[in-house]
Amino acid sequence: MNKKGFTMVELMAVIIILGILMSLAYMGVTQYLERARDATYEDFEENIRTGATNYLIDHTGYIPEVGESIVIDVSKLICEGYVEELQDPHSPTKGGTCNLNSYAIVTREEDTSSNMMITYEACLSCSEYKSEACSKNITGFTRLTKDADCEVN
């Protein structure tokens, strides 16, 4: 018999090979997306630190005294144009942001003869991510929040 076509075994082999290739592709894409989200969070944290730095350059009266810290809410930095909206990468279609519970901690360590030693830490709080700085106790710190007339999500 000289019938043209594929046997059942040949079709099963092709399906198995395609399944293996699809699972490898899925794992690669998943890892790529996770790395992209992590990079986005790192960029957000850097944006918060840079925004807080620029805010204090423009508002020197808020620079803390030696040994003290202040907290600047991200919503204030967004309101005044120092940081752009922080869209949560885990909920891009839902319009979720990381704005409301995120903040910068600014600490003035010590002064040298010509410089102020100031550290900037970013607490980024998103739906499925929270940075290390968020675990610090900030009670008792002066906190700069957005004004009532500024609308920020």
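Reply: Two strands pair if DSSP finds at least two bridges between them. Helices (H or I, at least four residues) and strands (E, at least two) are DSSP runs, numbered from the N terminus. This is a predicted model, in which local features need pLDDT of at least 70, side-chain atom pairs count only at pLDDT 80 or more, and totals for chains, interfaces and linings use all residues. Residues are numbered from 1 along each chain as its sequence is written, and side-chain values use heavy atoms, with hydrogens and water left out.

Me: What is the order of the strands in the open sheet?

Reply: The 4 strands follow the order β3-β2-β1-β4, with mixed pairing. β3 and β4 (142–144) stand at the edges with a single partner strand each, so one side of each has no neighbour in the sheet. On average, neighbouring strands are turned by 20° against each other, direction ignored; axes are lines fitted to C-alpha atoms, for helices over the stretch in contact, and angles run from 0 to 180 degrees between N-to-C directions.

Me: And which strands does α1 touch?

Reply: α1 packs on the sheet and touches β1, β2, β3 and β4, where contact means heavy atoms within 4.5 Å. The direction of α1 makes about 140° with that of β3.

Me: How many bridges pair β2 with β3?

Reply: Strand β2 (residues 103–111) and strand β3 (residues 116–123) pair over 8 bridges in the antiparallel sense. They form a hairpin with 4 residues between them, and T107 has T119 in β3 as its bridge partner.

Me: What about β1 and β2?

Reply: Strand β1 (residues 69–73) runs antiparallel to β2, joined by 5 bridges. I72 stands opposite A104 in β2.

Me: Changing topic: is K76 buried or exposed?

Reply: K76, in helix α2 (residues 74–79), counts as buried because its relative accessibility is 8%. Buried means under 20% relative accessible area, exposed over 50%, and partly exposed in between (1.4 Å probe, protein chains only). Leaving aside residues up to four places away in sequence, K76 touches Y55, L144, T145, K146 and D147.

Me: Where does S125 lie, then?

Reply: S125 is in the loop between β3 and β4. S125 counts as buried, with 11% relative accessibility. Apart from residues up to four places away in sequence, its contacts are C98, N101, S102, K130 and C134. The C-alpha atoms of S125 and E10 are separated by 52 Å.
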